[in-house]
Amino acid sequence: MNSQEFYIPLNLPDISKDVPATLVDALNENLKKFNLGRWVDFSDSPIPEAYSNFFYTLGLTPSNRKTELFMQSGLEKHPIHLDGDPSNPEKFRPCAINFPWGGKTIMEWYHYKNSTVKFEDFNGHLYTQVDERDCELLHRAVLTGANLVNISKYHTVFNASVDRRYCLSVCCEENISYQELANLCHKYGYVRQQ
Ligand SMILES: [Fe+2]
């Protein structure tokens with residue numbers, strides 16, 4: 001299957017040092033207290049400039065409320081999920097620019113064969129989770145650097161490392177599809193050749 005249906009490497013810089021330390025600290029504190037709660041949004045924090053400018057260049061608006069910083073412990077795998085409820089497009093994240101650091105990022109995309117889904121509410125952000133036993137693997141990839149990722153398909157990330165993993169995931173306000181954003185990345189010369 002064509003990997004470009006799932007992700008596209010982009011020429012965008014390492015912003016791991018530009019993520020506000022307060023956000024990383026908040027996630028590390030959560031981990032100590034609850035042993036979970038591994039993400040925080042950017043509602044009160046600035047998105048690293050290189051990534052907000054990327055969206056402005058494409059004629060789009062970077063979204064603080066849809067931009068998230070994730071953290072994963074070593075060898076942790078997220079449940080298979082969608083980022084939001086697809087029937088609520090205003091809050092749904094169909095695509096994002098992800099930049100991971102620390103750990104090793106293995107992203108997987110799935111076809112969900114059933115119709116019942118479970119909604120998990122994390123601090124007002126809804127996630128659509130499904131049982132792995134009802135899923136069929138479509139694609140698996142090791143991701144490094146910045147990538148446009150298709151998260152309109154069910155997906156998960158496995159941190160194949162004992163180190164803690166972080167991932168900045170930047171989204172725009174516009175209700176744009178993965179394919180539309182992919183076309184813009186090609187048009188404006190952001191696609192990284194591998
Ligand atoms: Fe996700």
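# Questions on a predicted model

Modeller: Residues 24 or more positions apart supply 85% of those contacts in the protein chain that have a separation of 6 or more. This is a predicted model, and the answers below concern that model alone.

Colleague: What do the helices and strands of the protein chain come to, and how compact is the chain for 194 residues?

Modeller: The secondary structure of the protein chain amounts to three helices and twelve strands. The globule rule gives 16 Å for 194 residues and the radius of gyration is close to that value, so the chain is as compact as a globular protein of that length. The C-alpha atoms fill a box of roughly 40 × 40 × 30 Å along the principal axes, and the radius of gyration itself is 16 Å.

Colleague: In the open sheet of six strands, what is the order, and which are the edge strands?

Modeller: The six strands form an open sheet with antiparallel pairing, in the order β1-β10-β5-β12-β3-β2. From one strand to the next the twist averages 20°. Since an edge strand here pairs on one side only, the edges are β1 and β2.

Colleague: Which residue of β12 stands opposite Ile 97?

Modeller: The strands β5 and β12, the latter covering residues 165-172, pair in the antiparallel sense over five bridges. Within β12, the residue opposite Ile 97 is Val 170.

Colleague: Which element gives the most residues to the largest nonpolar core?

Modeller: The largest nonpolar core has 40 residues, and those with the most contacts inside it are Cys 95, Ala 96, Ile 97, Leu 148, Val 149 and Val 170. Beyond its neighbours within four places in sequence, Val 170 is in contact with Ile 47, Tyr 51, Pro 62, Thr 67, Ala 96 and Ile 97. With six residues, the element that gives the most to this core is β12.

Colleague: Which strands does helix α2 touch where it packs on the sheet, and what angle does its direction make with that of β3?

Modeller: Helix α2, residues 49-57, packs on the sheet and touches β3, β5 and β12. The direction of α2 makes with that of β3 an angle of about 140°.

Colleague: Why do the buried residues of α3 line one face of the helix, and within what arc do they fall?

Modeller: In helix α3, which spans residues 178-187, the buried residues include Tyr 178, Leu 181 and Cys 185. An α-helix has 3.6 residues a turn, so residues three or four places apart point the same way. On the other side of α3, His 186 and Lys 187 are exposed. Seen down the axis of α3, the buried residues line one face because they fall within an arc of 70°.

Colleague: Which strands does α3 lie across, and at what angle does it run to β10?

Modeller: What covers the buried residues of α3 includes β1, β5 and β10. The helix α3 lies across β1, β5 and β10, and its angle to β10 is about 160°.

Colleague: Which residues does Pro 79 touch, not counting residues up to four places away in sequence?

Modeller: Pro 79 is found in the loop between β3 and β4, and it is partly exposed, with 13 other C-beta atoms within 10 Å. Not counting residues up to four places away in sequence, Pro 79 touches Gln 129 and Thr 156.

Colleague: Which residue in β8 is the bridge partner of His 81?

Modeller: The strands β4 and β8, the latter covering residues 125-130, run antiparallel and are joined by three bridges. Strand β8 also pairs with β7 in the antiparallel sense, over five bridges, with Glu 120 opposite Tyr 127. In β8, the bridge partner of His 81 is Gln 129.

Colleague: What phi does Leu 75 have, although it is not a glycine?

Modeller: Leu 75 is found in the loop between β3 and β4, where it is partly exposed, with 14 other C-beta atoms within 10 Å. Although Leu 75 is not a glycine, its phi is positive, at about 65°.

Conventions:
Residues numbered from 1 in each chain as written. Predicted model: local features only at pLDDT ≥ 70, side-chain atom pairs only at ≥ 80, totals over all residues. Buried ≥ 20, exposed ≤ 12 C-beta atoms within 10 Å, placed from the backbone. Helix = DSSP H or I, 4+ residues; strand = E, 2+ residues; numbered from the N terminus. Arc of directions from axis to C-beta. Contact = placed C-beta atoms within 7 Å. Pairing = 2+ DSSP bridges. Axes fitted to C-alpha atoms, helices over the stretch in contact; angles between N-to-C directions. Rg over C-alpha atoms; globule rule 2.2 N^0.38 Å. Core = buried A, V, L, I, M, F, W, Y, C linked by C-beta atoms within 7 Å.
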